[in-house]
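Biologist: Please show me the sequence and the structure, and then let us discuss them in turn.

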Amino acid sequence: MGFNIFFMCAIFTVIFAVIIIIFKTVFETIFLKKMANKSLITLNNNVKNEAIKFEKNRDKLQLVDDLHSSLFDRLFKITKDVILVQKFIFETNIK
């Protein structure tokens, strides 16, 4: 009979240990889920902020590209005008 009680105590101890491990795992999972949700909210806020920054930078880049192209066109026009003036001067001096 004593031998039987020993095995019953061992089985109950193992079952109790497994139940404790299950509860510990459940609580750790709940804690990790809360932390993951906080991280997700933080990351979503960061993504929104970066999207706003991206829009601003894209608008600024478009403005710079437009200015660059207009200045480049003006430079060629000025260069063309200077060449035409030089041509006119050379033609009038030669005649």
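Predicted model: local features only at pLDDT ≥ 70, side-chain atom pairs only at ≥ 80, totals over all residues.

Biologist: How many helices and strands does the protein have?

Modeller: Helices (H or I, at least four residues) and strands (E, at least two) are DSSP runs, numbered from the N terminus. Helix H1 covers residues 2-94. The protein has zero strands and one helix.

Biologist: What radius of gyration does the protein have?

Modeller: The C-alpha trace spans about 135 × 20 × 5 Å along its principal axes. The radius of gyration is taken over C-alpha atoms, and the globule rule is 2.2 Å times the number of residues to the power 0.38. A compact globule of 95 residues would have a value near 12 Å, but the protein has 40 Å.

Biologist: Is Ile 15 buried, partly exposed or exposed?

Modeller: Ile 15 belongs to a nonpolar patch on the surface, whose members include Phe 12 and Ile 19. Such a patch is made of residues with over 30% relative accessible area and no salt bridge, nonpolar side chains (Val, Leu, Ile, Met, Phe, Trp, Tyr) being joined within 5 Å. Buried means under 20% relative accessible area, exposed over 50%, and partly exposed in between (1.4 Å probe, protein chains only). Because its relative accessible area is 42%, Ile 15 is partly exposed.

Biologist: With which residue does Lys 53 form a salt bridge?

Modeller: A salt bridge is a side-chain nitrogen of Lys or Arg within 4 Å of a carboxyl oxygen of Asp or Glu. The closest N and O atoms are 3.6 Å apart, and the partner of Lys 53 is Glu 50.

Biologist: At what N to O distance do the side chains of Lys 77 and Asp 81 meet?

Modeller: Lys 77 and Asp 81 lie four residues apart in helix H1. Lys 77 counts as exposed because its relative accessibility is 53%, whereas Asp 81 is partly exposed at 33%. Their side chains meet in a salt bridge, N to O, at 3.3 Å.

Technical notes
Residues numbered from 1 in each chain as written. Heavy atoms only, no water. Patch = residues over 30% accessible without salt bridge, like charges linked within 9 Å, V, L, I, M, F, W, Y side chains within 5 Å. Areas by Shrake-Rupley, 256 points an atom, 1.4 Å probe, with all protein chains shown as cover.
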